[in-house]
Amino acid sequence: MIIHLRKDIDQQKVQELADAMEGIIVQNHERQLLVTSSKHKQLASEFESFVVDHFVFDTDIQMANSFYGDKKRTVQLGHIQLGGSLNNTLMMTGPCSVESEEQIIKSAELCSELGVQVLRAGCFKPRTSPYSFQGMGLEGLKLLDKMRQRYGLLIITEVRDATHVDAVIEYADIVQIGAKAMYDHGILKRCGKADKPVLLKRGFGTTLQEFVQAAEFILSGGNPNVMLCERGIRTFETKTRFTLDLCGAAYLKHNTNLPVILDPSHAMGYAYGVPDLARACLAMGVEGLLIESHPDPSVAKSDATQQLDPGQFRELYQSLKQMAGALDMDLV
Ligand code: PEP
Ligand code: MN
């Protein structure tokens with residue numbers, strides 16, 4: 001149950017109500033909320049005088065539920081607004097990892113040339129093998145900061161574990177929580193207290209219910225700026241890296257109020273399939289696309305097979321722009 005409390009009740013009373021209902025107190029800019037398990041279906045009569053409104057759910061997808069608040073919430077990413085009634089789709093591109101200053105400058109220049117506003121690149125990489133490149137760490141974050149200042153780009157970069165979550169929050173404009181980190185409650189709770197928007201990726205073995213409930217940890221921590229990113233789930237198929245769950249994307253669009261982002265690069269695993277998939281993603285009418293591109297994918301230190309080279313990205317971007325125009329959408 002989500003309870004909207006009256007603004008004028010004192011904090012001691014709020015705490016008493018929270019204790020009585022085993023709920024979480026959520027402070028956001030507009031109002032004070034108490035969120036309890038969805039098992040609570042009725043408000044006790046002695047609480048009624050403290051309550052402005054309350055909402056009952058049949059699942060613990062509550063703050064993210066499309067039946068709560070606006071059907072689609074508006075998320076603020078720096079100067080960019082996404083979601084709500086805006087019919088816009090945000091393009092985010094860049095390499096899997098920051099590898100060097102020269103490499104990230106080339107990626108930033110590609111964004112700048114095309115008018116792409118968000119540069120993506122990881123500095124703390126969650127690799128499958130300990131012997132693979134693990135990312136440039138803080139040095140990489142500083143390079144991304146330079147790109148933001150030099151090119152006016154927004155930066156999305158991922159947090160891998162709790163050891164550096166504060167540094168990522170400090171340097172990023174959008175904090176990405178990766179598929180493998182999606183279950184890390186330390187990260188989820190810390191991001192709930194952050195003043196930066198969060199892009200939460202779905203774990204590849206995660207149900208939609210588990211995925212959205214992970215987002216509830218961030219929302220109930222007080223951070224309203226959360227986006228959900230489908231990036232492929234593991235199925236029996238081995239010819240592609242993962243299977244992009246577009247049915248899942250349709251579910252998230254319909255049943256949650258959070259902007260939905262699609263990442264065709266990690267799902268496909270091979271650059272040849274990314275442009276067609278990206279167009280299918282845009283046709284889904286989602287709020288954003290996350291696409292890996294690299295100045296020279298053949299020498300990339302992570303995810304080399306799936307990154308588009310600058311020529312491939314330019315061509316894809318032009319075709320997406322045309323498609324967006326035909327669909328009366330805005331690719332921003
Ligand atoms: C990435 O975006 O480079 C990444 C590691 O993605 P995921 O967490 O989806 O594997
Ligand atoms: Mn990657």
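What spacing do the donors of the manganese ion (ligand 2) follow along the chain? The spacing is C-x169-H-x25-E-x10-D. His 266 lies in helix H8 (residues 264-268) and Glu 292 in strand E14 (residues 288-292), 26 residues apart, so the pair links distant parts of the chain. Helices (at least four residues) and strands (at least two) are DSSP runs, numbered from the N terminus.

This is a predicted model, in which local features need pLDDT of at least 70 and side-chain atom pairs count only at pLDDT 80 or more. Residues are numbered from 1 along each chain, and side-chain values use heavy atoms, without hydrogens and water.

The manganese ion is coordinated by Cys 96 (SG), His 266 (NE2), Glu 292 (OE) and Asp 303 (OD), at 2.1 to 2.4 Å. Donors are N, O and S atoms within 2.8 Å of the metal (3.2 Å for Na, K and Ca). Water is not among the atoms, so the site may look incomplete.

Ligand 1 also has Cys 96, His 266 and Glu 292 among its surrounding residues, each with a heavy atom within 4 Å. Its polar contacts (N or O pairs within 3.5 Å) include these:

| Side chain | Distance to an oxygen atom of ligand 1 |
|---|---|
| Lys 125 | 2.9 Å |
| Gln 176 | 2.9 Å |
| Glu 292 | 3.2 Å |

The protein covers 93% of the 300 Å² of accessible area that ligand 1 has on its own (Shrake-Rupley, 1.4 Å probe).

How values were computed
Chains lettered and ligands numbered in written order. Polar contact = N/O pair within 3.5 Å; in protein donor to acceptor, adjacent residues only side chain to side chain.
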